[in-house]
Amino acid sequence: MNSPSDMASGAEATPTTALFQNDSGQLPLDTRRALVQLLSGPALDGRRHAKLWPVLLRDELAIRRQLAELFLELVIDRDTQVAFTRQADTGDLEAPLLLRRAQLTFIDSVLVLYLRHRLTQADAHCERAVVAIDEIEENLALYEKAASTDRAGFNKRIHASVEKVKKHNILQKIRASDDRYEISPTLKLLFSAEEIATLTQLYQSMAAGDLGKQPDGSAEDDAVNGEDA
């Protein structure tokens, strides 16, 4: 038979925040939901996740601590109400990578660059960043020669790239529309103004035929898979 002291000790070992059997977690339910959304990715969007956004701001420090345990850091843009995780800069420390990196083809890169510019334009006019498939095809036609393919093949590659960025939620389909998408504000956080300027100059040179090599890029995928790609 357990003594009163044993029973007290057992009670102390069970967190008051326990939500299920053998739960040793210390975060409340809504904070855990916000953390899971960040880890499952690609972002926590204040408009799409209206209930989780205030929770993230309220418990930002606790969430940052949990992410740091996994060598991740939290990025928050309070103006656009978007947050996501990325690998922490650990310097010379050989830390395991939890976020996989998605390789970008040439067409992927120019598509992302175009979407980033459209997002900047929309922000300047305080508008939603909405784009249609035919607009994408028209604006990327500049790079058809650099892609070394015919028109049909080029458009096919554009549509494949659109599907890729949709998968990463960079483009979000607008309801009641078959070919119009809203550009996620997350994209603004992934590429700095300096990176955009460098890529723009590089790809414009390629489109003009000044460069023959098509660089491949990579971007962090805001989803956890435990592999270093």
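This is a predicted model: local features need pLDDT of at least 70, side-chain atom pairs count only at pLDDT 80 or more; totals for chains, interfaces and linings use all residues.
Mentor: Residues are numbered from 1 along each chain as its sequence is written, and side-chain values use heavy atoms, with hydrogens and water left out.

Trainee: Why is Leu19 called partly exposed?

Mentor: Buried means under 20% relative accessible area and exposed over 50%, with partly exposed in between (1.4 Å probe, protein chains only); Leu19 has a relative accessible area of 44%, so the label partly exposed applies.

Trainee: Why is Glu138 called exposed?

Mentor: Glu138 has 63% relative accessibility, and because exposed means over 50%, Glu138 counts as exposed. Glu138 is found in helix H6 (residues 133-140), helices being DSSP runs (H or I) of at least four residues and strands runs (E) of at least two, numbered from the N terminus.

Trainee: What makes strand E2 largely enclosed by the rest of the structure?

Mentor: Five of the six residues of strand E2 (residues 72-77) are buried, and therefore E2 is described as largely enclosed.

Trainee: How do you know that E2 and strand E3 pair?

Mentor: Two strands pair if DSSP finds at least two bridges between them; E2 and E3 (residues 82-87) have six bridges in the antiparallel sense, so they meet that definition. Leu72 has Gln87 in E3 as its bridge partner, and in the hairpin, with four residues between the strands, Gln81 takes a positive phi near 60°.
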